[in-house]
Amino acid sequence: MRGAAAGLAALAFLPLAACVEPDAPAGGQSCRVAEVVDGDTLGLACEGGPVVLARLKGVDAPEIARARCSAERTKGQEARRTLERLVAGGPVTRAVFAGTHSDGRSLVVLEIDGRDVGQAMVSAG
């Protein structure tokens, strides 16, 4: 338990816009949103590395490309537009990579101008 607390305390001192994960870009580098793929997936470009396809941790938006019906596709397009508006709201102030989704995408906790994008997406419905 003590080790976990120390690890969490260390996270509190990360530089802004740090990318943290063993396979992710080194901590302390700035990141930007390179593209929005759909309502829960985006491409993050962190200084010195390739664009990383990442899924917002805790978000499961309707599909667009693999939608099962037109209503799902429409909802997926709405979710993508919402995410595009959120990421256009300011600079990436924090990007913490938090494991890998079952489909191979990196999971990320992303803040734009200090606002948790995943939480904002869930709140938006």
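Author: We can start with a single residue. Ala-54 has 0% relative accessibility and therefore counts as buried. Bear in mind that this is a predicted model.

Reader: Where is Ala-54 placed, and which residues does Ala-54 touch beyond those up to four places away in sequence?

Author: Ala-54 sits in strand β4. With residues up to four places away in sequence not counted, Ala-54 touches Asp-40, Thr-41, Leu-42, Phe-97, Ser-106 and Val-108. Ala-54 and Leu-110 are 56 residues apart along the chain, and 9.9 Å separates their C-alpha atoms.

Reader: Which residue has a positive phi without being glycine?

Author: Asp-113 is such a residue, with phi near 50 degrees. Asp-113 lies in the loop between β6 and β7 (115–116). Its relative accessible area is 52%, so Asp-113 is exposed.

Reader: Let us turn to the whole chain. How many helices and strands does the chain have?

Author: There are three helices and seven strands. The order along the sequence is α-β-β-β-β-α-β-β-β-α. Burial can be read for the chain too: 39% of its 125 residues count as buried. For contacts with a separation of 6 or more, 46% are between residues 24 or more positions apart.

Reader: How many residues are in the largest nonpolar core?

Author: The largest nonpolar core has 23 residues, and those with the most contacts inside it are Leu-56, Leu-83, Leu-110, Val-117 and Met-121. The elements giving two or more residues to this core are β2 (31–36), β3 (41–46), β4 (51–56), α2 (70–87), β5 (92–100), β6 (106–112) and α3 (117–124). The largest share, four residues, comes from α2.

Reader: Which residues does Met-121 touch, not counting those up to four places away in sequence?

Author: Met-121 touches Gly-39, Leu-56, Val-59, Ala-79, Thr-82, Leu-83 and Leu-86. Some of these names come back when we look at the packing of helices.

Reader: How is the packing of two helices described?

Author: Two packed helices are described by the angle between their axes and the distance between the axes. Here, α2 and α3 pack at about 140 degrees, and their axes are 10 Å apart. That angle makes α2 oblique to α3. The crossing in which α2 passes α3 is right-handed.

Reader: Which residues of α2 and α3 meet?

Author: From α2 there are Ala-79, Thr-82, Leu-83 and Leu-86, and they meet Val-117, Ala-120, Met-121 and Ala-124 of α3. Sorted by class, the contact of α2 with α3 has seven nonpolar residues, one polar residue and no charged residues.

Key:
Residues numbered from 1 in each chain as written. Predicted model: local features only at pLDDT ≥ 70, side-chain atom pairs only at ≥ 80, totals over all residues. Heavy atoms only, no water. Core = buried A, V, L, I, M, F, W, Y, C linked by side-chain atoms within 4.5 Å. Buried < 20%, exposed > 50% of the residue type's maximum accessible area, 1.4 Å probe, protein only. Contact = heavy atoms within 4.5 Å. Axes fitted to C-alpha atoms, helices over the stretch in contact; angles between N-to-C directions. Parallel < 35°, antiparallel > 145°, perpendicular 65-115°, else oblique. Left-handed = near helix turned anticlockwise from the far one by under 90°. Nonpolar A, V, L, I, M, F, W, Y, C, P; charged D, E, K, R; others polar.
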